[in-house]
Every structure is written in structure tokens, then in C-alpha cells.
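Open the model in your viewer and get ready to select residues one stop after another.

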Amino acid sequence: MGALKVTTRVTGAQDGRVAVAIAEAGLWVSLLGGLLGLLSALRTTVYGLTGWSFLVAPRWLPNLYMPSLPATIRSDDPGLQLPALAWKDTVDGTVDAATGLLPVSIGGPVRAVVEWPGFTTLTPMETIVWLSPAWIAAVGVLVGSWLLLRIARSARKGEVFTLPNAHRLRWLALLIAVAGLAHNAVASWGPIWILTRSAAASHLETDHWTMSFSPALFALVVAALAVIWEGGVRLAQDSDGLI
Amino acid sequence: MSEDDVDLHQVTVHLDRILDTQGVTIVELARRTGITVANLSVLKNNRAKAIRFSTLTAICHALACQPGDLLSVTLGDG
């Protein structure tokens, strides 16, 4: 029975090390993704502001060569003509006049895509507003991955509940709140601002925008985790040197 | 009692003296008690900050002694 208990404890410890190793590998991939996102945002910004593209020619990247934004056509736009399906009454009830199937109607909102002839046709301010979400996301992923990677590496060394890790969680909560809300705000307001300055503005719905505040909720969860972590640090300090 | 006074009230572990008296090595004590050599070494060198009752019981049984033989408290000046 003693040998069985020892084996179970050893296996459990090994499982923990494997889990941490997998988490660390995943965070390195995330870090790499953040770096690539940063490089992509930098390349697009340089191209938009100067017309110079590095690494890849613009024609291979449709979002650079012909940038576009999704939009909604105004429901009262005089150019908007939706198909009007005719119905007819039969002994079996009302049916579609053309097909005889159950009657349906086609209504709005009508989604569209507004395309620009190239990123260089945007003004510098429009370029910055357009690309801000990409910058915020890349930096957020990079910094967040780095913070989590530092925690995972300390866990691999067996030092989980330490004050630096608790502080990293606090910084992570702040990052999620600030970067997450900023990203959502710019990503939802930015395209509408750019569309209102375009030639298609009078045909589009541009008078309202919505954003999600879920990053604030997620940040609260991480902040609560940081408080719990600090409790763990105190417990670890209390048991430090306990034989 | 101030915080400085608490620091003067130190617990001393006399494990090294008892082991020398009985001619028992740390390795042998580890074998008898199931406590690791590393932890016993920490205890022997007075680097431990706390001791579990189960650990105290195991050592006292192994060395046929009482907690008072193993531990003493150095009181500060009154």
C-alpha cells in the first residue's frame, strides 16, 4: 500500500510537470503570434503612411491592396431595392406566387462592403484609426503571453505562489481591462468614423455604434485570481521552513 | 510584547546533540522516521521555522526522547 501511494504521488507530480510544459509551449506559440501580429501591423502602417511595403508586395495581400470595411445600407436609401416576392391565396392557404412554396419576405438590414482603391488613398489619421485595433491586439497578446509565460516558467521550477507572480496577475488584469476596452472601442467606432468620411457615407448607417465591455468582466475575474494568489503567497510563506 | 522581543524568543533544536549522544547518523534517523535527510538537516542546523507534531512524534519515537529533550526556548532579558 505504501509503494502504491508513492507511485500515485510520483505520477501526479509528473502529470503536473507535463501540463506546465504544454502550457509553456502554447504560450511560446502565442508569443510568436503576437510578434507576427506586431510585424504585420507595422508593415501595414508603414505602407499606409509611406506607400513602401517590406517583406511582401502589397498585391499579395488583398487587405493591403484593396482595403475594405463592412457596412450597413440605410433602410431609406433611394437606391436600395429589395426583391418584393408576390404571394397568392389558394385553397390550401397563402403561397409564394412564383414557386408555390410557403410565403417569405426579404427585408433589411442590408450588409455591404465598402472598398478603397488602396491603403495609400487613406489620410494618415484614417490609416492610424484603421490599424489601431491591430496594434492594440498585437501588443496585448505579446505582453499578456509574456506575463503568463513568466508564471509558467516559475511553476516549472516549483515556485508558483510567489509575490512576483501575484503582481504579474495584477498587471495582466490591468492589461486585459485597458487593452481589451481600448481595442473594442476603436474597433467599433473607428470603421464608422472612416465610413462617415467616405464618398459612400450618405448611403450607409453611421449614426450609432455598440461595443462590448466583456474585457472589463474578464479583467475582474483575473484581478480576483490575483487576490487569491496573494493569499496563496501568504500560505506558502507561512509553510516555508516547515518540517 | 514588541516585535523585537518576539525575535529574542528563539526555539533551539538539539537534534545534533541527541544524535551524537546516541551515535545515530542523520541517514539512519531518516530511515527510522521516513523524514528526508534534507529536512532533518534543516532541523539539525536550526534553519527550520516550524515543525509539525507528526514530525516531532516520529523523531521522539525514533530517538526515545521527549520534545523537551529536543527543543528549548531561549528567553530574552526580562
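Start with Glu126(A). Glu126(A) is buried, because its relative accessible area is 8% and buried means under 20%. The model is a predicted one.

**Stop 1**

**Stop 2**

Now select Arg156(A) and Glu24(A). They form a salt bridge, and the closest N and O atoms are 2.7 Å apart. This pair, too, links distant parts of the chain, 132 residues apart. Arg156(A) is in helix α3 (residues 124–156) of chain A, and Glu24(A) is in helix α1 of chain A. Glu24(A) counts as buried because its relative accessibility is 8%.

**Stop 3**

Select Asp76(A) and Arg74(A). Here is a salt bridge with its closest N and O atoms 3.3 Å apart. Asp76(A) counts as exposed, at 53% relative accessibility. Arg74(A) is partly exposed, at 27%. How many salt bridges are there over all chains? The count comes to six.

**Stop 2: the leucine patch**

Stay in chain A and color these residues: Leu32(A), Leu35(A), Leu36(A), Leu39(A), Leu42(A) and Leu55(A). They form a nonpolar patch on the surface. Together they have about 570 Å² of accessible area. Zoom in on Leu35(A), which has its place in helix α1 (residues 2–50). Its relative accessible area is 45%, so Leu35(A) is partly exposed.

**Stop 3: a hairpin**

Select residues 87–90 and 93–96 of chain A. These are strands β2 and β3. They pair in the antiparallel sense over four bridges. Which residue in β3(A) stands opposite Trp87(A)? Look for Asp96(A). β2(A) and β3(A) form a hairpin, with two residues between them.

**Stop 4: two prolines**

Select Pro83(A), in the loop between β1 (68–73) and β2 of chain A. Pro83(A) is partly exposed, with a relative accessible area of 47%. Now draw a distance line from Pro83(A) to Ser154(A). Their C-alpha atoms are separated by 63 Å, and the two residues are 71 apart along the chain.

Move on to Pro109(A), in the loop between β3 and β4 (110–115) of chain A. A cis peptide bond joins Gly108(A) and Pro109(A), with omega about 0°.

**Stop 5: chain B as a whole**

Chain B has six helices and two strands. Trace them along the sequence and you get the pattern α-β-α-α-α-α-α-β. Of the 78 residues in chain B, 28% are buried. Chain B exposes about 5,300 Å², with carbon and sulfur atoms supplying 52% of that. Next, select Glu28(B), Arg31(B) and Arg32(B). A network of salt bridges links them.

**Stop 6: two positive phi angles**

Select Asn46(B), in the loop between α4 (37–44) and α5 (53–63) of chain B. Asn46(B) is not a glycine, yet its phi is positive, about 60°. Asn46(B) counts as partly exposed, at 38% relative accessibility.

Then select Ala64(B), in the loop between α5 and α6 (67–70) of chain B. Phi of Ala64(B) is near 50°, again a positive value in a residue other than glycine. Ala64(B) counts as exposed, at 72% relative accessibility.

**Stop 7: where the chains meet**

Show chain A again. About 620 Å² is buried between chain B and chain A, and carbon and sulfur atoms give 59% of it. Finish by selecting Lys49(B), Ala50(B) and Arg52(B). They supply 62% of the area that chain B buries against chain A, more than any other three residues. Between chain B and chain A, the count of salt bridges is zero.

Terms used. Residues are numbered from 1 along each chain as its sequence is written. Chains are lettered from A and ligands numbered from 1 in the order in which they are written. This is a predicted model: local features need pLDDT of at least 70, side-chain atom pairs count only at pLDDT 80 or more; totals for chains, interfaces and linings use all residues. Side-chain values use heavy atoms; hydrogens and water are left out. Two strands pair if DSSP finds at least two bridges between them. Patches are made of residues with over 30% relative accessible area and no salt bridge: like charges are joined within 9 Å, nonpolar side chains (Val, Leu, Ile, Met, Phe, Trp, Tyr) within 5 Å. Accessible areas come from the Shrake-Rupley method with a 1.4 Å probe; for residues, only the protein chains shown count as cover. A salt bridge is a side-chain nitrogen of Lys or Arg within 4 Å of a carboxyl oxygen of Asp or Glu. Buried means under 20% relative accessible area, exposed over 50%, partly exposed in between (1.4 Å probe, protein chains only). Buried area is the accessible area (1.4 Å probe) that two parts lose on being put together, summed over both.
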